Amino acid sequence: MRIEKLTTALLLSITPVAAGCAAAAVAGAGAATGIYLTTRGAEGVVDGDLRTVTGRTEAVMRDLGLRVTERKLQYDDNEVEFKAKTDDLDVSIDLKAESARTTRVQVEARRNLVEWDKDYAQMVIRRIVAKR
């Protein structure tokens, strides 16, 4: 009985560590930005103020051939939102100032009502990070 409780306690203590390692592996893929996958896309904190990251985001959308369908620039609220399309994806990019020098970037790339392309979303954030 005592060994069974010890085994259960050990397994329960290892589970959060394993989950943390998986999250760290995904975060490591984004290097300094800490890019991680969400249920519908990817998210990360990018170096650069909101206006700078907005400019990089617009350049990346042009580079990728995204057709912007909606743009909400709310600098007073420290928030910017883009809606765009490719031939097979509906893409939304939300930017929110985290501090004077960092911006949170959320990207969702939807194929249809129930399917999202997380790899595409992650690639968009990586390009925003790399754009200088």
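Biologist: Which residues of α3 are buried?

Modeller: Tyr120, Ala121, Gln122, Val124, Ile125 and Ile128. Buried means a relative accessible area under 20%, exposed means over 50%, and partly exposed is in between, with a 1.4 Å probe and protein chains only. The model is predicted, so local features need pLDDT of at least 70 and side-chain atom pairs pLDDT 80 or more, whereas totals for chains, interfaces and linings use all residues. Residues are numbered from 1 along each chain as its sequence is written, and side-chain values use heavy atoms, leaving out hydrogens and water.

Biologist: What makes up the protein chain, in helices and strands?

Modeller: Three helices and six strands, in the order α-β-β-α-β-β-β-β-α. Of the 132 residues, 30% count as buried.

Biologist: Which residues of α2 are buried, and what covers them?

Modeller: The buried ones are Leu50, Val53, Thr54, Arg56, Thr57, Ala59, Val60 and Met61. Their cover includes β2 (41-47), β3 (67-74), β4 (79-85), β5 (90-97), β6 (102-110) and α3 (118-130). An α-helix has 3.6 residues a turn, so residues three or four places apart point the same way.

Biologist: What makes Asp49 a cap of α2?

Modeller: A side-chain oxygen of Asp49 lies 3.2 Å from the backbone nitrogen of Arg51, at the N-terminal end of the helix. A polar contact is a pair of N or O atoms within 3.5 Å; within protein, one must be able to donate a hydrogen and the other to accept it, and residues adjacent in sequence count only if both atoms are side-chain atoms. At the start of α3, a side-chain oxygen of Asp117 comes within 3.3 Å of the backbone nitrogen of Asp119. Just after α2, Gly65 has a positive phi of about 75°.

Biologist: Why is α2 called oblique to α3?

Modeller: The two helices pack at about 125°, with axes 9 Å apart. Under 35 degrees counts as roughly parallel, over 145 as roughly antiparallel, 65 to 115 as roughly perpendicular and the rest as oblique, so α2 is oblique to α3. The axes are lines fitted to C-alpha atoms, for helices over the stretch in contact, and angles run from 0 to 180 degrees between N-to-C directions.

Biologist: Is the crossing of α2 and α3 left-handed or right-handed?

Modeller: Right-handed. The term applies if the near helix is turned clockwise from the far one by less than a right angle, and left-handed if anticlockwise. The contact is made by Val53, Arg56, Thr57, Val60 and Leu64 of α2, and by Tyr120, Met123, Val124, Arg127, Ile128 and Val129 of α3. Contact means heavy atoms within 4.5 Å.

Biologist: Why does Thr103 count as buried?

Modeller: Its relative accessibility is 0%, so Thr103 counts as buried. Thr103 lies in β6. A polar atom of its side chain is 2.8 Å from the backbone oxygen of Gly48, and the side chain of Thr103 reaches the backbone oxygen of Asp49 at 3.5 Å. Beyond four places in sequence, its contacts include Val46, Leu50, Val53 and Leu95.

Biologist: Why does Thr86 count as buried?

Modeller: Thr86 has 15% relative accessibility, so it counts as buried. Thr86 sits in the loop between β4 and β5. Its side chain makes a polar contact of 3.2 Å with that of Asp88. Not counting residues up to four places away, Thr86 touches Leu66, Arg67 and Tyr120.

Biologist: Why is Val91 called buried?

Modeller: The relative accessible area of Val91 is 3%, so the residue is buried. Val91 belongs to β5, and its C-alpha atom is 4.4 Å from that of Ala109, 18 residues apart along the chain.

Biologist: Why is Asn78 called partly exposed?

Modeller: Its relative accessible area is 40%, so Asn78 is partly exposed. Asn78 lies in the loop between β3 and β4 and, although not a glycine, has a positive phi of about 60°.

Conventions:
Helix = DSSP H or I, 4+ residues; strand = E, 2+ residues; numbered from the N terminus.
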